[in-house]
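Student: I have a chain open on my screen and would like to learn how to read it. Could you walk me through it?

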Amino acid sequence: MSDAAQPTAAEVRAAAEAIKTALDRHLAAVERRSGEDDPAVYEAFNELASAAEEYDELLYDLYDEVTPFEIPGTEDTLPPYTGPEEPNALSVLIRRDYAVVEPQRLLAQAQRVEAVEESGAAAAGFDAAAGTVHGALGVLFGEFEPDEIASRHKEFGLEEGDSTLWVTAADEPSEPGEWLDAPFEGADPQRIVCRFDVSAVFDEEPEDDLDDSSSNGRGPAHGAGLDDDLEPLDADR
């Protein structure tokens with residue numbers, strides 16, 4: 001952070017006061033809780049976590065100091081489930097992040113796919129798209145299923161980043177084409193049946209915790225890939 005953007009001492013002090021207020025509200029909500037999944041407790045918890053995170057960031061930015069607070073991951077802080085007890089339909093929402101670490105490998109694999117398609121297509125009707133990274137991504141994700149990309153990401157010159165999978169409950173299946181213009185807009189955290197996260201931040205956990213894939217739904221989901229050889233790509237698909 002640049003000097004111009006650094007917080008002031010007054011801002012850090014205000015953030016500390018906000019934690020004290022949030023602590024009082026959280027304790028009051030716990031004392032008045034109406035049940036195990038009281039939404040007031042959940043809301044107060046989130047406010048406290050947000051206040052602690054804000055204070056921690058400001059304290060570090062101005063004084064280069066940290067706090068002992070540890071903000072639980074999202075899997076530990078899902079809101080109370082309010083969906084149907086026996087869902088009639090499900091939506092599975094998936095996000096996978098990748099870094100393009102070997103553009104030439106990505107281009108080479110896409111060009112191999114195009115070569116096979118071009119050999120079986122009318123010369124006038126085939127439009128090669130793998131000359132750029134943007135075009136190569138379109139070719140590969142158009143040819144292979146997302147799960148296959150995930151399992152063979154190294155083969156395609158990609159490196160895995162964070163990923164998450166949400167299984168959400170619905171009362172009825174959506175009508176065809178109903179949500180295509182904004183597919184992730186209607187995700188309701190209170191209808192999440194289960195959630196599975198994969199992130200490099202979890203690599204810091206003790207090995208004993210990782211052996212059982214963690215009780216909070218976070219488990220390894222790393223695919224296999226070949227480091228050096230382009231040959232395994234099935235270009236005859």
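Student: In what order do the elements of the chain run from the N terminus on?

Tutor: Helices (H or I, at least four residues) and strands (E, at least two) are DSSP runs, numbered from the N terminus. Here the order is α-α-β-α-α-α-β-β-α, giving 6 helices and 3 strands. Do keep in mind that this is a predicted model: local features need pLDDT of at least 70 and side-chain atom pairs count only at pLDDT 80 or more, while totals for chains, interfaces and linings use all residues. Residues are numbered from 1 along each chain as its sequence is written, and side-chain values use heavy atoms, leaving out hydrogens and water.

Student: How do I read an aromatic pair, and how many does the structure hold?

Tutor: A pair of aromatic rings is described by the distance of the centres and the angle of the planes. Rings of Phe, Tyr and Trp (its six-membered ring) pair if their centres lie within 6.5 Å; planes under 30 degrees apart count as stacked, over 60 as edge-to-face and the rest as tilted. This structure holds 1 such pair. The ring centres of phenylalanine 144 and phenylalanine 156 are 5.3 Å apart with planes at 35°, so the pair is tilted. Phenylalanine 144 lies in the loop between α4 (133-143) and α5 (146-151), and phenylalanine 156 in the loop between α5 and β2 (158-170), 12 residues apart.

Student: Are phenylalanine 144 and phenylalanine 156 buried or exposed?

Tutor: Both are buried (under 20% relative accessible area; exposed is over 50%, partly exposed in between, with a 1.4 Å probe and protein chains only). Of the 237 residues in the chain, 28% are buried. Valine 193, in strand β3 (residues 192-198), is partly exposed at 45%.
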